[in-house]
Amino acid sequence: MTRARPDQRIVSVWFPHLAMQRWRRTASRERTLPGGDVPVVLARDGTHGPVIHALSQAAMARGLSEGLRVVDAQAIHPDLHVEPADVAGDAAMLDRLVHWARRWCPWTVVDRAGGLILDTTGSAHLFGGEAALMRDIETRFAIQGLTARLAMAPTRIAAQALACHGENRAICGAEDVADHLAPLPLAALRIGAETQRLLHRLGLKTIGTLAEMPRSALMRRFANMEAGHNPLILLDRAMGRQADPLSPPPDPVNWLMRVRLAEPVMDPEPHMPGLARKLCAALAEAEQGARRLRLTIYRIDGERRAVTLGTAQATRDPAHILRLFDGKFANVDPGFGFDLLTLEALDVEPVSLTQERLDGARDTDKDLAALMDRLSARLGPDRITWTGWRESHVPERAEARIPALTATPAAPPVITRDRPLRIFDPAEELRVLYAVPEGAPAQFRWRRVTFRTARYEGPERIAPEWWQDRPGTRLRDYYKVEVTDGRRFWLYRQGVMGDGRGADPRWFLHGLFA
């Protein structure tokens, strides 16, 4: 079994109030926040409704805790102020901080419990020692408005346990890690709730009591458990008896080309071909293609102006990029001139080096994507759309329009029933002249023209979607109707007589068959 390095130094940074502090910082820019004496909680979706995700100091003083249902908390505290939690935004902020934290060491990873893990082995002396390093980390995060609890230990699990359950800025070495972890609760090892309850029934409530327990008595019980949840394996990793290496994410790559000018100029267009060729060459070397591009000019008065464009498919064709920026500089104010010009690929995707077609024909898919790019650049990114499909029985909900630059066209779902080529949204109401108790109307009027039914097929009943329709929504009975002049319509009756959800049923025309 591989043991942890004896000289390894791991720093765990835990942000106990990350969600609440980030919400206050973003919400304060848009509106006035509740006073400090008003309890505020952030809610996320739970199994049985919204639950508390984060709390303010006033809410914690009321005795509230994370995981409590919001309705139960509001029943006890009617003045509770509830806001939606941005869990994805909090995770994205940690992903940004993990790269920012590399000012202290080269290896950093995200702790999904709400913090960061830093491998500071060999770097503490650059900041005046371990204690000075811990103070510098805490101070820099405090400047950003984040409360941080820190701990340093020879293993990752030990550092996490001390940061969350021990004293702030605790420092322990390989020789005394067992003494520091002994009084901490078993929850510090981050074992599962069921495993924790089982160990509590056995009388084991702290890490020290678990370490003193004979391993043979527990090994049989936890032999089939995954390594990430096995309390014995987690204990060995915390004590350094088993290696627990870090896997830091790679450094972000900035696909940016720049031109520095000796004198200020007013027109960026002459410099675009060189920038586009350099950027595309770098993308081709890495087998990448740009999906979003940004051209930025830096004026001599300190201001900057940017033009951002997107593409339907990843590209590294300099000529295509130049065509996209054609005519985009007319509305860019150069001021008194600019002396720095940058072209950056903001979003990239893998594009393999493929051989062109042997018959010399053009790739029509690339031509279509290039056309979508040019039209979107001319008319706006939201004007050119693809057809998107959603899972729904209601016809007008099954199809949606999505911008061509954000997604590729999806194949339509497999529909076993005949559907018209043209669907009206919204459906147009009919005036029924001669109704039939069961079936399509014998005669109806649509757009001031009277039609007589020759034959029909149906009904096809579509019930309301209870998970998104309002209570009282009526069902639909669809009919394919052929009138005397040969035209075929798609009609539906909204509701049935005596369903208790409104007056008499209403008829609508929803589509036309070819």
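The model is predicted, so to speak of local features a pLDDT of at least 70 is needed, while side-chain atom pairs count only at pLDDT 80 or more and totals for chains, interfaces and linings use all residues. Residues are numbered from 1 along each chain as its sequence is written, and side-chain values use heavy atoms, with hydrogens and water left out.

We can begin with an open sheet of five strands, ordered 5-6-1-7-8 with mixed pairing. Here strands (E, at least two residues) and helices (H or I, at least four) are DSSP runs numbered from the N terminus, and two strands pair if DSSP finds at least two bridges between them. Strand 5 (107-111) and strand 8 (170-171) are the edges; each has a single partner strand, so one side of each lacks a neighbour in the sheet. Strand 8 runs parallel to strand 7 (residues 149-153), joined to strand 7 by two bridges, and Ala-151 stands opposite Ala-170 of strand 8. Helix 5 (residues 130-143) packs on this sheet, touching strand 1 (10-14), strand 6 (115-119), strand 7 and strand 8, and its direction makes about 155 degrees with that of strand 7. Contact means heavy atoms within 4.5 Å; axes are lines fitted to C-alpha atoms, for helices over the stretch in contact, with angles from 0 to 180 degrees between N-to-C directions. Helix 6 (residues 156-165) lies across strands 1, 5, 6 and 7, at about 145 degrees to strand 7.

Elsewhere, strand 2 (residues 40-46) is joined by four bridges to strand 4 (residues 81-84), in parallel, with Ala-43 opposite Pro-84. Six bridges link strand 2 to strand 3 (residues 49-55) in antiparallel fashion, and a hairpin of two residues connects strand 2 to strand 3.

Turning to helix packing, helix 10 (residues 215-222) and helix 11 (residues 231-239) meet at about 125 degrees, their axes 9 Å apart. Arg-215, Leu-218, Met-219 and Phe-222 of helix 10 touch Pro-231, Leu-232 and Asp-236 of helix 11.

Finally, a search of the whole structure finds one cavity of 30 Å³ or more. On a 1 Å grid over the protein atoms alone, a cavity is a set of points where a 1.4 Å probe fits but cannot get out, and lining residues have an atom within 4 Å of a point; points are joined across faces, edges and corners, and volume is the space filled by probe spheres set on them. The lining comprises Pro-268, Leu-295, Ile-297, Arg-305, Val-307, Phe-329 and Val-332.

Note on methods:
On a 1 Å grid over the protein atoms alone, a cavity is a set of points where a 1.4 Å probe fits but cannot get out, and a pocket is an open set with protein on both sides within 12 Å along at least five of seven lines; lining residues have an atom within 4 Å of a point.
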